[in-house]
Amino acid sequence: MEKLWTENLRKIEPYVPGEQSTKSDIVKINANENPYPPSPKVQEVINNFNVENLRLYPNANATELKTALAEYYGVETQNIFVGNGSDDVIAIAFQALFNGDLPIVYPDLTYSFYPVWCSLFNIKYKTYPVGDDFRINPEDYKEKNGGVIIPNPNAPTSIGEDLDFIEKLMEYNRDSIVVIDEAYVDFGGVSCVELTKKYENLLVTGTFSKSRSLAGLRIGFAVGSKTLISVLEAVKNSYNSYTVDALSIAAGAASIRDDDYFKATCAKIIATRERVTQEMRNLGFTVADSSANFIFATRSDLSMKDMFEYLKTKNVFIRYFNVPRIENYVRISIGTDREMDIFLDTLKEYLSL
Ligand SMILES: *Cc1c(COP(=O)(O)O)cnc(C)c1O
């Protein structure tokens with residue numbers, strides 16, 4: 001007999017992240033992780049970290065981390081919010097900022113976590129299809145809505161929009177809160193953090209997981225007006241006062257302060273991305289112009305799903321989404337040059353089968 005208490009269980013389809021593998025000797029280019037280690041300054045902070053400090057709760061305001069971010073972005077600490085990865089930050093933003101009656105809006109091809117949060121927090125949403133070229137049309141966002149969220153550059157398409165696009169979006173959405181998810185912006189996208197000074201209803205989120213090689217530490221942040229940030233703080237402090245731990249506060253701040261290492265790492269990834277894009281185009285693939293640390297590719301005469309499965313048997317892990325409109329595309333994260341050479345060699349092997 002069906003137990004009645006099971007009716008009280010939450011029914012929800014969770015987000016599914018890229019596969020993690022415990023095998024060594026694999027080329028793991030499926031989760032947009034950074035192939036290079038974090039800044040040596042992060043290693044230094046961890047080596048010198050006094051474990052005795054872990055006895056105490058961390059600074060609830062994460063002041064050291066906020067101060068480093070505020071200096072970096074040229075804003076005040078009250079314009080900065082930090083959290084346990086940007087997934088945590090965005091989840092809090094959904095709860096704090098999307099409380100209207102109208103549905104929130106975002107592109108049809110985008111970060112697949114958004115509908116999951118909508119479902120978890122009972123937020124209605126509506127999507128606008130991106131063009132066949134995967135570009136987002138700002139005119140779609142003229143319609144009244146309960147809030148806007150767009151990743152820029154977008155995922156998994158890799159395409160970035162410019163500041164004109166953001167200005168239009170803000171012009172059409174004077175009565176809504178607009179969240180721009182800049183998880184990939186450091187790889188050649190255009191950041192709109194500066195526009196948060198002009199638009200009080202604009203929130204920009206960022207992460208240390210991609211461009212700062214700290215996915216394992218879980219640090220995310222948001223920049224916005226004091227009004228928006230104070231509401232994020234209120235919601236966060238209503239369920240967990242200590243989302244950012246003491247080690248992450250210290251290591252994250254050290255990462256921000258080492259700008260030379262950060263710039264050099266991003267530049268290496270961009271150079272590798274451009275080379276791999278060219279090589280894949282030479283092999284007959286259509287590859288979108290990427291502003292991210294991954295590329296989005298197809299070859300219409302081949303099954304991308306079969307190619308993805310083949311690469312997996314050769315220990316090369318890329319990402320395939322069984323999603324309408326992009327069911328014949330693959331997303332390939334940019335690894336080291338050596339990893340990408342193995343990927344390209346395995347791909348050529350597949351093409352000549
Ligand atoms: C990776 C990613 C995030 C979040 O990453 P965290 O590791 O939680 O900081 C957010 N948005 C997009 C579009 C991403 O790809």
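Ser158 is buried, with a relative accessible area of 0%. This residue lies in the loop between strand 5 and helix 5, in a model that is predicted.

- Most residues other than glycine have a negative phi, and most peptide bonds are trans.
- Ser158 is not a glycine, yet its phi is positive, at about 80°.
- Pro153 belongs to the loop that runs between strand 5 (148-151) and helix 5 (163-172), and the peptide bond leading from Asn152 to Pro153 is cis, with omega near -5°.
- Pro156 is placed in the loop between strand 5 and helix 5; a cis peptide bond links Ala155 to Pro156, with omega of about 5°.

- Ala288 sits in the loop between strand 9 (286-287) and strand 10 (294-298).
- Because its relative accessible area is 16%, and buried means under 20%, Ala288 counts as buried.
- Apart from neighbours within four places in sequence, Ala288 is in contact with Thr157, Ser158, Ile159, Arg281 and Phe296.
- Ala288 and Thr157 are separated by 131 residues in sequence, while their C-alpha atoms are 7.2 Å apart in space.

**Arg325**

- Arg325 occurs in the loop between strand 12 (319-320) and strand 13 (330-333).
- The phi of Arg325 is positive, near 85°, in a residue other than glycine.
- With a relative accessibility of 33%, Arg325 is partly exposed.

**The ligand and its surroundings**

- The residues surrounding the ligand are Gly85, Ser86, Asp87, Ile90, Tyr111, Asp181, Ala183, Tyr184, Thr207, Ser209, Lys210 and Arg218.
- A polar backbone atom of Asp87 is 2.9 Å from an oxygen atom of the ligand.
- An N or O atom in the side chain of Thr207 is 2.5 Å from a ligand oxygen atom.
- For the side chain of Arg218, the distance from an N or O atom to an oxygen atom of the ligand is 2.8 Å.
- Of the 380 Å² of accessible area that the ligand has on its own, the protein covers 92%.

**Arg212**

- Arg212 is located in the loop between strand 7 (202-207) and strand 8 (220-223).
- Although buried, Arg212 has no salt bridge; Asp259, the nearest side chain of opposite charge, is 4.8 Å away.
- The side chain of Arg212 reaches the backbone oxygen of Ser255 at a distance of 3.1 Å.
- Leaving aside neighbours within four places in sequence, the contacts of Arg212 are Pro38, Tyr72, Ser255, Ile256 and Phe262.

Methods
Residues numbered from 1 in each chain as written. Predicted model: local features only at pLDDT ≥ 70, side-chain atom pairs only at ≥ 80, totals over all residues. Heavy atoms only, no water. Helix = DSSP H or I, 4+ residues; strand = E, 2+ residues; numbered from the N terminus. Buried < 20%, exposed > 50% of the residue type's maximum accessible area, 1.4 Å probe, protein only. Lys, Arg positive; Asp, Glu negative; His and termini not counted. Salt bridge = Lys/Arg side-chain N within 4 Å of Asp/Glu carboxyl O. Polar contact = N/O pair within 3.5 Å; in protein donor to acceptor, adjacent residues only side chain to side chain. Contact = heavy atoms within 4.5 Å. Near = heavy atom within 4 Å. Areas by Shrake-Rupley, 256 points an atom, 1.4 Å probe, with all protein chains shown as cover.
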